[in-house]
Structures are given as C-alpha cells and as structure tokens.
Amino acid sequence: MSGRGEWTLVGRDDELKTIGAVVSADLPGLVLVGDAGVGKTRLLREALARAAQDRAECHWVSATAAARSIPFGAVSHLIPAQTRPPADPVGLVVSVERDVARRGGGRPVLIGIDDAHLLDEPSAGLLHQLAVHGLAIAVATVRAGEPLSDALTSLWAGSGRRLDVRPLPATAVDHLLDEAAPGPLDAISRRRLRHLADGNPLLLRELLADALDTGGLRESRGVWRWRGTGSGSPRLAELVSARLRALEPAARQVLEVVACGEPLSLALLERFTDPVAIEAAERSGMVVAERSGARTALRMAHPLYGEALRASMPASRSRTVFGQLADVLAGMPLRRRDDALVAGVWQLRSGSVRHPGIALAAARQAIDRFDIDLAERLARTAYDAGQGWEAQWLLARVLQYQARSQEAFDMLPPAPPQGSKRLAIWAITRAGLLYWGLDRIDEAHETLRMVPADSPGHDLAEATRSWVLFYDGRCEAALAVGQAVLARPDTGVRAASWATMGAASAAGMLGRLGLAAKLAERGRAVLAAEPERLPWNEAQVGLGLCYARYAAGELAGAADLADEGYRAAVASDARGMVAVWAGFRGIVAKAQGRLDAAEADLREAIALVEENDQYHLVRTYWAELAGVRALAGDLPGARRWLAAADARERTANRIFHPWVELNRAWVDVAEGDLTAAIRTARHAADLAGGSEQPTIEAVALYECARLGAPESVLDRLTVLADRLGGLASTLASAAGGLVRDDGPALETAADELIARGHTLLAAEALGAAARAYARRGRPRLAVAQRAATLAQDCRAVRTPLLTATTPGTEEATLTRRERDVALLAVTLPSRSIADRLGLSVNTVNNNLARVFTKLGVRNRRELAVVLGHDRPGAPDRSPGAFHPPQ
C-alpha cells in the first residue's frame, strides 16, 4: 500500500499479549501510556477487534477536549435511552450498570477509552464504577506526562496494570516503510526517515505524506530517494507549536539555540544563555541532557522537534543564533574531532564567515566523512574569503568528487605550486581529473611521476598511482607499486588505504588471493594505529579485499564483505560509499543467480551515483543490470540497459571492459543467438587477458563452455588452471566434464563451486552431471535432486544449461500434459499416445519435443534411461497405472 490508508499493525505482539492477559484475567483495567503518535490508539483498536472476534461485548469511548465540559459527554452512548435526560447522577449510574450487566451476559464488558486524560469527571467516575464492580474491563490510552483523574488512577494503582507503549523497533518501521512508500527506498533515505520518525508511526506517516505532497520523495531508476527535511508537515508544526506556546520566552530561546546546535555542549550553551532558562527548557520535556565522559550535551527530545523548530524561526533569528554559536566555539580550543566541522557549518548558516580558516578545516573534515555537498559549500566559502591556493585546490577536489571534471580542472592551477608537499597533492588531484574526468590516460600517469621519490607526499602519490594502474588494467604494476607503499614503516593512513585498494584488488585479479588478504591486513593495521578512523579509508581497504575475493571466485566471502561495507556506509550516511557497496552486492548476487536481489542493489547503486559518477562506475552497473534482465529472459530490458552502458563507453577503467562484454554475451543469449554469445564471451576473455585479469579470463572462457562450446576453450582453461589454481581449476574441471559428458567430474566441480558460493554454476554443473549419469544408464537420483534444489534457488534464471529438466525430478518441471506424454512415450508410439489421451499426433509430438529439450535427451531410449524405465523390473509409471506402496 502506498499512501494514506490504515497501516498494518506491526511490532506490537508483546503489547497485544499483555492486553489479552488482562482481559482473560478479568482485571479491572489497563492503561496504555505513551507519547503522542506512538500508536496507542491503533493498538487499542486492534485489541478490541480481537476481543470482538472472541465474542466479547466491546464498546469504544473517545474522550475529547470539546466534550470535557459536558457531564457524561464522553460516555453518553453508553446511557440507555430511557434514562435520559431527567435521571439524577446516581440513578443514571445504576441504569448504566444494569444495562452493561445485561449486555455482558455474565462476562465483563470490554471498554476501550481513547485519550482518557481528557475525560470529564462524571464519565471517569462512571467508568470507575463499572470496573470496580466487575461489570467492565477498562483499557485506556493516556498521553505520557498528562494528569489523570483520581477515579481512573485508582484502576491501575490497585489490581489493574500499566503498560508503557514504546516507540516501534527499527524492524517494524522498516516494515511500514516497505508497505507505505510508493516503491523501494534507497538505504540512506530509509535510514533518515527511520531516524526522524524515531519509532513513532504517526510522525512516519506525516513524513511520507509530506514527502509525497511536496515532491520530496522522487523516483530514480526504480528507486525512491527522499530529499526532504521533515519540517513541512502541518501536523508536526502544530504539535511543536502547541508545546512552545506554554513556554516562557527565555525557555523558548534556549530551545531555539539547542535546535540550531544540537547536540550542544552545556558548557558552550551557558556562555550566552541564562541557566534558569536552560532549566525551564529541560522541564518542558522538549530537550534532554546526555552525558558522555565529563561532557554534558543537550539535544531535542525528538529529531523532528528540531526540524520543526528551525523551520519556524525567522531567518534573522536563525542567523543570529548560528552566528553566536560559531563565534563562541571559535573562541574555544577546538579539541574534539568534529569541532572545526561544526563551527564551519554554523558559520555557513549564519550567512557571515568571520573565521575563514575554520571553514577551510571544516571542508577537509566534510570530505573525510564523504559529505561532498557540504564540503563544496565550505570550500567555496573559504575560497571566496581569500584562503588562497589551498582553498582553490580543495574546491577543485570537491568538484572532482561531484564528477564536474572540466570545472574542477579549470579551478586547479595548471602548474604545480611552490613547495614539495603541495606538488604531491596538486599532482594527485590533476591525475585523477585527467584519468577519470577527461579520459587523458597517459597524461595522468605522467603527472603522478612528477612527484620526486624523496619528497613529502610521495607515498600518497604512489598509492594513487597504484589505484589508477589497477583501474587501467595494469595489475602487475598496480600490485608492485602498492606493495612498495605498504612496505614503508612510515606510510600514512590515506596512502595505506589507497595502496591497499589498488594492490589487493590487483592481487585478486592476478589470482593471488592469499597475498591480497595479507595486503588488506597490513592496510588495516595502519588504519588501526590512527585514532580517527575515517569511513572512506576503511571502505577502500575493504573494497580491495572484496575485489580480490570476487575475482578469485570466492563469492561467499565477497558477499560477506560487501554486506558489511554496505551497512557501515549506510550508518555513515555516505551516499557515494553506499552506491559502491550496493553495486558490488548486486554484481555478486547476479553471479550467484539471485536476480531479484541483484536488480534491487544495482538499481540503488545507479540511483545514488548516477548524478556524481566520479569514477565512472555506473557504466558497469548498467551493463550488470543488462545481464540480470537477460538472465531473466527480459530482452527489451536487457537491450535498454546495455544501450545505456554503451552510451558511457570510455577508454578509462579498462579493468571493467571485459565485465561489460560478459553481460553483452548474455544479451546475445536472450536474443537467441548462441553463436554471437560465444563469440562475445571469447572477446571478453581476450580483453581480460589484455588487462591482466587471468581470473576474469577464466570466467569468460567458462562462459563459452556454459553456452555450448567447451571444446574451444578447454586448452586455454587448463593452462590458466595450472597457473592460478583455485576457481580456474574448478572451471577447467567443469569444462572438461562437459566435453567428456563426465558425471563424476561435473559433480566434483559442482561441490567446489558450492563451497565458493557459486550457486548458479553449481546448479548447472549438477544438472549436467545428472544427465551424464542418466545417458550412461546409471541414473543418480540424489544428484538430480541436488541440482533441482540449487536450480530452485536460481529459479528466475534462464541459461542453456538450466533449460534441461533435472533427471528424476521431472514431475516438478514438466507440465502435466508433458509428463503424461513422456511416461507413455517410453513404451508407446505417438499414434497410440494420441488415442489414449484424446490428442492429435502433432500435439503429442510437439509435447514430446519439449520433453526432450527439458530433460536433455535425444530419443526415447535416453528418455527411458532418464525416467528409470530401462531397468529390469521397473514399475509402470504411465498415467493411470497402479503404484503399490514402496
């Protein structure tokens, strides 16, 4: 469901059990206490609905502020018609008690009371009488912090119960988002909405409604991204305004300051705010104090309070507050990790930059946290404030991250500045722009070589060179350069992360997974020695090992790393990192045959990175998505995504060119042209060999084998197997098994593929093994069943090797008509089958042809072998035959 209908009740099983226990025990009452919007009313309605299904007499009482001035106004519908209006209060209560007792039929009536804190006193007294006399069980909702009448308090203070209704857990919020959002959300949008709602379903509902009404929630490539703030909801604004109206002006000012600076150090706040006003703000319940070590900080009690409060402040007031905060913090020692970043952001929001040096430092920190949009604003502010060459370089670097390559290149000085350290950072930035931005490959390498070996920053320049060499398909050089950087005892954190990325990835492509793991371990050791662990550096080390595991065929290990990196990137709110990890998750899932997961991840990666594709990864993602659609049999979709990939073709990133061609081969398969597909896969193998990726070359050659030409690639696969071992050996064994129709070889290869996480390849190999056994008159039902089980895990995939039905499980894959024809064809000619089943001979023959294709057999003799009818004493399994118990 998307939109505004009633949502499914989730995450409240424990609360419903508690309410059910109270009702079953005939306790006098239960109060559900929680914040506004947390779901108390929805929970109460569900509890009454379930009780009604158990044939309990149920009534609903809704208390409102408007009815509070009317005696018995909230319970007027419980008063018998003949009692109104002349009865005195005592007589009225007696009349209601009699009527309730009659309705209950000997059992207490269940009365749900919504917003019980708004009940008028007579109504509260009447409900109290019904409960204490055992005529009713009162289950009421109460907003946290609101006073209750003595009559109702006595119900839960005695033998009744109180239940605090907490915010929904994250899993329940995710369920609601999946149900209510118009489509799949990217992970960062999901995290932000989850954070702002803070487990409150009403606020989540308002956020989504506002996002849909204002266009803050938009679709991109099948994925929905939220770019709102949450401050536009009228209901939320009114909720906050109602609470603010009760505050003194001084306390409101404190709330405004906290809303602008949260989490805000109490020591900083006390520098320009009255302590009495701070105390009043805390008592309002809209701010909370949190202690961390010796530091106490204040924040808004709910994330959306701050959003709404900031949105309601006049611009002049907001700028004044941010300016005051920035000035006070700039005058203090910036000891904490994020102090410069916080002060820089406050300056931006004040509209006046009085401390440009802090803005420059803040821009660096924003880059380290991969908040590129913020980094641009800070760097441009520092540049406009005259911070010189460093601000100019920093702004160029940020523009580079945003894929605004020409603009960044124009911003960067054309010649290196004075000073050896500046030479290194100039060369690194310029080389990246030349390689990824302008496709000037040779100039990029020449620029990096300009940094002398004995100059500061040489290790960082060499680490960058390792990375560029890897993407350029020069894996041996990338490995050698990266190893040299990591071997230095004084290698810095940034250099170590970049060198690990280049060297470990290259080692994996070259088939040296053990070396890649050691390089990643060295990189992590350097990062661990640095007190400030930056998410991008961590991600680069992880990516290096992930590339290596994927290239070496260790899909299970690559999937684990990709999942871990993805979660960390989402937690860091780093869109570019989330895109990279989502893309890798999709690539791995596709290789495993998990097409739905692959498509979801690849679409998310494209939606997140398409606008700022600095490293030109989206071409690979589009090609992989084309492969996903081709494997699913969706030719129009496959063509569309492949065309998008081809439109972004470049000389740079040669490492991915064979990956693109492998997906093109599967589009050829979807076109029905296996000859072209084999030719394209062979071209991909040649590209992989030329870009020093023997592991990917082995995969591409095996694609030819899977597509029906194992003989043409077996010799080269055998050479690679001798050189690389690992996955290449497994693929060579499988290709040999296909050539020789060798069941045991294929079965052994399948076991090795399963251990590596290659579910799809294993399913194909086991199916081929089962057919090989059957064709030799030795059907192996266990192998057939394993093949069918793995094929079920890849049920959306269509490949030539999976089109044949696994022997021994034909009932699960043949249609009923095909199965009937197949069973009769073992002993009867087509004319007899047609007469027996009431079909034409042509229909019988057409069904039989499909059976042969699905089961991978060529004639009726092989069909008998597959179905087990060639063995002496084989039971008659024809349609209608009697099957004695086994």
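The model is predicted: local features need pLDDT of at least 70, side-chain atom pairs count only at pLDDT 80 or more, and totals for chains, interfaces and linings use all residues. Residues are numbered from 1 along each chain as its sequence is written, and side-chain values use heavy atoms, with hydrogens and water left out.

**Exercise 1. Determine the strand order and the edges of the parallel sheet.**

Step 1. Helices (H or I, at least four residues) and strands (E, at least two) are DSSP runs, numbered from the N terminus. Two strands pair if DSSP finds at least two bridges between them.

Step 2. The order in this open sheet of 5 strands is β2-β3-β4-β1-β5, with parallel pairing. At its edges are β2 (58-62) and β5 (161-164), each of which pairs on one side only.

Step 3. From one strand to the next, the twist averages 15°; axes are lines fitted to C-alpha atoms, for helices over the stretch in contact, and angles run from 0 to 180 degrees between N-to-C directions.

Step 4. Within the sheet, 6 bridges pair β1 (residues 29-34) with β4 (residues 136-143) in the parallel sense. L30 has V139 as its bridge partner in β4.

Step 5. Helix α2 (residues 40-53) lies across β1, β2, β3 (109-114) and β4, and runs at about 160° to β2.

**Exercise 2. Describe how α34 packs with α36.**

Step 1. The axes of α34 (residues 694-706) and α36 (residues 726-740) are 10 Å apart, at an angle of about 15°. The two helices are therefore roughly parallel (angles under 35 degrees count as roughly parallel, over 145 as roughly antiparallel, 65 to 115 as roughly perpendicular and the rest as oblique).

Step 2. In contact (heavy atoms within 4.5 Å), A698, V699, Y702 and A705 of α34 meet residues of α36 including L727, L731 and L738.

Step 3. This contact has 10 nonpolar, no polar and no charged residues. Ala, Val, Leu, Ile, Met, Phe, Trp, Tyr, Cys and Pro count as nonpolar, Asp, Glu, Lys and Arg as charged, and the others, Gly among them, as polar.

**Exercise 3. Classify the ring pair of W436 and Y471.**

Step 1. Rings of Phe, Tyr and Trp (its six-membered ring) pair if their centres lie within 6.5 Å; planes under 30 degrees apart count as stacked, over 60 as edge-to-face and the rest as tilted. The structure holds 16 aromatic pairs.

Step 2. The ring centres of W436 and Y471 are 5.6 Å apart and their planes are at 80°, so the pair is edge-to-face.

Step 3. W436 belongs to α20 (residues 420-437) and Y471 to α22 (residues 458-471), so the pair ties together parts 35 residues apart in sequence.
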